[in-house]
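Please look through the sequence and the model below before reading on. The paragraphs that follow lead from one residue to its surroundings and then out to the chain as a whole.

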Amino acid sequence: MGATLPRGPRSRVLTSWGLIRDPYGFWLDARRRHGDTFMARAWNGDILCTGDPAVIADLFRTDHTQTRPFRPELFGDVLGRNGLLTLEGEAHRAERRVLTPPFRADRTRAFARVMQRIAEERMAAWPTEGEVVAADEMLAISLMVIVRAVFGIEDADEARAWADDVAAMVASIDPIFLFFPVLQRLPTRRWRRFQEARATLDARIRAEVERRRTTGERGEDILSTYLDSTYEDGSHPTADQVRDELVTLLFAGHETTQIAMSWALYHVARDPEVYARLREELDGCDGSAEAFAKLPWLGAVVDETLRLVPIVPDMLRTTTKLLVLGGYEVPEGTHVAFVAAMVHTRPDLYPEPERFRPQRFLERSFKPHELIPFGGGGRRCIGAHFATIEARVVLGTVLRAFDIRSLSEEEPVRRNVTMGVRHGVRLHVQRRHIAVESAA
């Protein structure tokens with residue numbers, strides 16, 4: 001038998017408000033008060049919260065029959081009920097199997113050149129010397145990357161139209177909808193705005209799916225692979241399944257990467273030693289996407305960014321049977337939050353956790369339950385490798401072509417389930433001659 005669950009914050013109002021307003025601050029304060037693992041009461045239920053790697057390791061070892069997603073109805077009316085974020089049990093396992101092929105490492109490596117080309121096209125409009133808002137620029141790049149990856153669209157105007165509709169839907173998702181789902185049933189102006197944006201994107205997706213199925217047109221994109229996939233019973237994805245999965249991929253596939261790249265540029269620009277070492281590494285390679293994907297210091301910069309500022313500070317599951325996690329006896333039906341904001345700031349794992357220190361990832365390796373920006377176990381983000389390669393390629397392309405200097409002080413701010421940058425990371429940029437020379 002395991003230990004009983006420890007108590008923690010008791011006020012549902014204060015807990016919910018803290019998680020909406022300042023989740024990083026809430027989690028670190030709660031850890032100081034209650035330790036690494038505790039029960040918290042929130043509007044969405046009572047939750048076992050943990051930043052203890054031992055508890056998380058046991059959670060990640062569970063299979064698809066032992067846990068399910070946390071309150072999938074919260075996302076059901078936002079993203080749909082047939083996507084990986086909301087499916088559970090055998091349905092989730094089957095869906096993950098058919099979606100895995102386009103995210104294989106070899107497919108991602110082949111797509112890296114497209115990522116680089118998209119970044120170069122966006123940077124062509126940057127001033128030779130002047131100011132850019134990194135969050136806006138990284139959003140434009142990441143939107144085009146995910147649209148190209150999902151749909152394989154080559155026409156620039158059509159791709160921009162898709163990107164605009166995706167951005168409009170994501171921007172209309174108010175985090176309060178997810179913390180207070182009753183608001184999804186009320187005719188508020190915010191909810192109507194979201195419904196209109198979602199309907200526009202839905203119509204575009206359904207029309208494209210119908211066109212592909214009617215014409216038989218296929219390519220190397222995710223949609224083509226998905227349409228031709230079969231489940232174990234021989235069936236193909238239905239129209240609703242395709243719609244929900246594509247919306248989920250479009251939502252999750254660009255915003256987290258955009259935010260991570262913005263934070264990386266912010267921290268690099270503010271740390272002369274990190275920047276100098278990165279500049280030396282970038283100038284010493286051939287400037288190709290393939291080279292950027294393999295550079296160790298650039299990879300460490302991306303990893304350290306995801307550690308220091310986890311874009312999703314906490315992730316949740318619900319037990320479907322009695323489990324023992326890290327020595328705690330966890331009853332069936334218990335909500336469990338594994339909290340990156342607590343794990344990633346443990347001094348025993350990450351000395352001087354408040355410092356941006358990429359070399360820690362070259363000094364040692366971390367176990368899957370010690371570095372969790374993409375979750376873990378059977379529900380780990382299916383696009384994790386794609387996202388990290390995109391971040392490396394885009395950051396390498398930007399920083400080899402431009403000198404940057406930070407113009408804004410930043411802090412995290414809640415967007416929806418993600419944490420963005422409050423002021424957008426304003427940068428002074430100056431084009432470098434090395435980019436011109438290498439292209440000649």
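Which residues does Ala-264 touch, not counting residues up to four places away in sequence? They are Thr-305 and Leu-395, where contact means heavy atoms within 4.5 Å. The model in which this is seen is a predicted one, so local features need pLDDT of at least 70 and side-chain atom pairs count only at pLDDT 80 or more, while totals for chains, interfaces and linings use all residues. Residues are numbered from 1 along each chain as its sequence is written, and side-chain values use heavy atoms, with hydrogens and water left out.

Ala-264 lies in helix H13, which covers residues 255–269; helices (H or I, at least four residues) and strands (E, at least two) are DSSP runs, numbered from the N terminus. With a relative accessibility of 3%, Ala-264 counts as buried, a word that stands for under 20% relative accessible area, whereas exposed stands for over 50% and partly exposed for what is in between (1.4 Å probe, protein chains only). Between Ala-264 and Asp-303 there are 39 residues of separation along the chain, and their C-alpha atoms are separated by 9.5 Å.

Helix H16, residues 296–308, holds Val-301, and this valine is buried, its relative accessible area being 1%. Apart from neighbours within four places in sequence, Val-301 is in contact with Val-268, Val-274, Phe-356 and Pro-358.

Helix H14, made of residues 272–283, is the place of Arg-279. Is Arg-279 buried or exposed? Arg-279 is buried, because its relative accessible area is 15%, and the cut-off for that word is under 20%. Once its neighbours within four places in sequence are left aside, the contacts of Arg-279 are with Leu-399, Phe-402, Asp-403 and Arg-432.

Another part of the chain is helix H8, residues 156–171, where Val-170 has its place and where Asp-165 also lies. Val-170 has a relative accessible area of 3% and is therefore buried; beyond its neighbours within four places in sequence, Val-170 is in contact with Phe-251, His-254, Glu-255, Arg-415 and Asn-416. Asp-165 and Thr-397 are 232 residues apart in sequence, and in space they are 26 Å apart, C-alpha to C-alpha.

The structure holds twelve aromatic pairs, where rings of Phe, Tyr and Trp (its six-membered ring) pair if their centres lie within 6.5 Å, and planes under 30 degrees apart count as stacked, over 60 as edge-to-face and the rest as tilted. One of these pairs is formed by Tyr-350 and Phe-366, which are stacked at 4.6 Å centre to centre with 25° between the planes. This pair links distant parts of the chain, 16 residues apart: Tyr-350 is in the loop between helix H17 (340–343) and helix H18 (360–363), and Phe-366 is in the loop between H18 and helix H19 (384–401). Tyr-350 counts as buried at 0% relative accessibility, and Phe-366 counts as buried at 16%. Elsewhere, Phe-26, Trp-27 and Phe-38 form one aromatic cluster.

Finally, the whole chain can be considered. The protein chain has 20 helices and twelve strands, and 57% of its 440 residues count as buried. Among its contacts with a separation of 6 or more, 73% come from residues 24 or more positions apart. The C-alpha trace spans about 70 × 55 × 40 Å along its principal axes. For 440 residues, a compact globule would have a radius of gyration near 22 Å, and the 22 Å of the protein chain agrees with this; the radius is taken over C-alpha atoms, and the globule rule is 2.2 Å times the number of residues to the power 0.38.
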